[in-house]
Each structure stands twice: as structure tokens, then as C-alpha cells.
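Please look over the structure below before reading on.

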Amino acid sequence: TEAEALGQSIALIMPAHLRERHHAGFARFVQTGVSTLPEITISPMVHKNGETHRLQISVKAVRDSNQTIVAVEATIGPRDGD
């Protein structure tokens, strides 16, 4: 549910085989502010019942007044076919 996922890492819904790659890319993004992903990407995600869906994801850095990344906001769009 939204309540279960809100504030959690996106790794919560990520297939296990993609988590290490995600963590490495996320760390690079936080350090450099540079993403290798397009503004909106489609990624496989796993529902808590085990079903895999493809979701639209948009990620942006949240910066403080010194332009330091203090958080990352991920917005998840509709599943393919919705």
C-alpha cells in the first residue's frame, strides 16, 4: 500500500537481482548529482504478492540552499497497461 511504501527505499519494490546495481548508481548520484538514467524511466518492480510489473519512475535530487543533495525524491507512475 502507499502507507507501507511512503518514506521507504525504492529497493523495497525492486527485484533482488537489481538492488546492488541500484545502490551503486544511487550512491554515485548522491555524490555527484549526475544521473545516467533518463528523466523518466521504466523499471521492473515486484509487488508484495510476488508479481512483477513495469513502472514509470522519475527521480530528482532535493537540494539545500548550498546545492548539496539532502534527499532524493522518487515518483512512481502507472504500471504498464494501466
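For the protein chain the mean pLDDT is 84, with 94% of its residues at 70 or more. The model is predicted, and local features need pLDDT of at least 70, side-chain atom pairs count only at pLDDT 80 or more, while totals for chains, interfaces and linings use all residues. Residues are numbered from 1 along each chain as its sequence is written, and side-chain values use heavy atoms, with hydrogens and water left out.

Helices (H or I, at least four residues) and strands (E, at least two) are DSSP runs, numbered from the N terminus. Strands β1 (residues 40-46) and β2 (residues 52-63) run antiparallel and are joined by seven bridges; two strands pair if DSSP finds at least two bridges between them. Isoleucine 40 has serine 58 in β2 as its bridge partner. Five residues lie between the strands in the hairpin of β1 and β2, where glycine 50 takes a positive phi near 95°.

Serine 43 is in strand β1. Why does serine 43 count as buried? Its relative accessibility is 16%, and buried means under 20% relative accessible area, exposed over 50%, partly exposed in between (1.4 Å probe, protein chains only). Leaving aside neighbours within four places in sequence, serine 43 is in contact (heavy atoms within 4.5 Å) with His53, Arg54, Leu55 and Ile57.

Isoleucine 57 also belongs to the largest nonpolar core, whose five residues are Ile10, Met14, Met45, Leu55 and Ile57. Such a core is a set of buried Ala, Val, Leu, Ile, Met, Phe, Trp, Tyr and Cys residues joined through side-chain atoms within 4.5 Å.

The largest pocket holds about 1,600 Å³ of space. Of its 47 lining residues, the closest to its centre are Ile10, Met14, Met45, Ile57 and Ala74. On a 1 Å grid over the protein atoms alone, a pocket is an open set of points where a 1.4 Å probe fits, with protein on both sides within 12 Å along at least five of seven lines, and lining residues have an atom within 4 Å of a point. The largest share of the lining, nine residues, comes from β3.

Conventions. pLDDT = per-residue confidence, 0-100. Points joined across faces, edges and corners; volume = space filled by probe spheres on them.
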